[in-house]
Structures are given as structure tokens and as C-alpha cells.
Amino acid sequence: MVREIYGHPAFRLPFLRRFSALTLAPFWILYRHGADEVNPVTRRHEAEHLAQARRVGLLSFYGTYLWDWIRG
């Protein structure tokens, strides 16, 4: 089961300030704002990240995600 955590302080970090949510599969989805402020599109987007991680495996998912982030 995945835990959704709202108003997480991690978003105060300089490199996370531009994000509104972050998936740490397979355990957590962190949101910048409270539950009533989270956009449904953001929720679906993060749920898709969870599905991708389950489909291809954590190592492959995060390796690809990191590589794509580095490339811009």
C-alpha cells in the first residue's frame, strides 16, 4: 500500500522547489500542498509513476528517470 503524504517539508529544499509532487515508489507519494489543494492531474501523474515502477522494476524505473532528468 502506498502512503500519500501532504504538505511535506522536503519541498523546501532548493532542488525540489519547482515540483508539486514526488513519487518514492513503492512506498510514498509526497505532495507540496494539502490534500484539498492537489490537482487531480498531478494525482494521476504520480499514480502512473507508481504503475511504471511496478511494471519495469524499481532499479530500471529510477535508472531511466535519473538518466532522463540528467539529459534535461
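These legends go with a handful of close-up views of one predicted model.

The model is predicted, with local features needing pLDDT of at least 70, side-chain atom pairs counting only at pLDDT 80 or more, and totals for chains, interfaces and linings using all residues. Residues are numbered from 1 along each chain as its sequence is written, and side-chain values use heavy atoms, leaving out hydrogens and water.

**View 1. Helices α1 and α2 pack against each other at an angle of about 125°.**
Helix α1 covers residues 40-56 and helix α2 covers residues 58-71, and their axes are 6 Å apart. The angle makes α1 oblique to α2. For the labels, helices (H or I, at least four residues) and strands (E, at least two) are DSSP runs, numbered from the N terminus. Axes are lines fitted to C-alpha atoms, for helices over the stretch in contact, and angles run from 0 to 180 degrees between N-to-C directions. Under 35 degrees is called roughly parallel, over 145 roughly antiparallel, 65 to 115 roughly perpendicular, and the rest oblique. On the α1 side, H49, Q52, A53 and V56 meet L58, S60, F61 and Y65 of α2 (contact means heavy atoms within 4.5 Å). Sorted by type, the residues of this contact are five nonpolar, three polar and no charged. Here Ala, Val, Leu, Ile, Met, Phe, Trp, Tyr, Cys and Pro count as nonpolar, Asp, Glu, Lys and Arg as charged, and the others, Gly among them, as polar.

**View 2. G57 sits in the loop between α1 and α2.**
G57 is partly exposed, with a relative accessible area of 25%. The scale used throughout is buried under 20% relative accessible area, exposed over 50%, and partly exposed in between (1.4 Å probe, protein chains only). Look back along the chain to A47, ten residues from G57, and the two C-alpha atoms are separated by 15 Å.

**View 3. The rings of Y6 and Y31 form a stacked pair.**
A pair of aromatic rings is described by the distance of the centres and the angle of the planes. Rings of Phe, Tyr and Trp (its six-membered ring) pair if their centres lie within 6.5 Å; planes under 30 degrees apart are stacked, over 60 edge-to-face, and the rest tilted. The count by this rule is four aromatic pairs. For Y6 and Y31, the centres are 5.0 Å apart and the planes are at 10°, so the pair is stacked. Y6 belongs to the loop between β1 (3-5) and β2 (21-24) while Y31 belongs to strand β3 (residues 28-31), so the pair ties together parts that are 25 residues apart in sequence. Y6 is partly exposed at 28% relative accessibility, whereas Y31 is buried at 1%.

**View 4. R43 lies over the face of Y31.**
The distance from R43 to the ring centre is 5.6 Å. A charge sits over a ring if NZ of Lys or CZ of Arg is within 6 Å of the ring centre and within 35 degrees of the ring normal. T42, in helix α1, touches Y31 along with S20 and A21, not counting residues up to four places away in sequence. With a relative accessible area of 19%, T42 is buried.

**View 5. A cis peptide bond joins A25 and P26.**
Omega is about 5° for this bond. Most peptide bonds are trans. Both A25 and P26 are found in the loop between β2 and β3. A25 is buried at 11% relative accessibility, and touches L50, A53, L58 and Y62, again leaving out residues up to four places away in sequence. Y62 also shows up in a cluster with F61 and Y65, linked by ring pairs.

**View 6. R3 is an exposed residue in strand β1.**
Its relative accessibility is 54%. R3 touches F27, W28 and I29, not counting residues up to four places away in sequence.

**View 7. R12 is in the loop between β1 and β2.**
At 63% relative accessibility, R12 is exposed. R12 and R32 are 20 residues apart along the chain, and their C-alpha atoms are separated by 8.9 Å.
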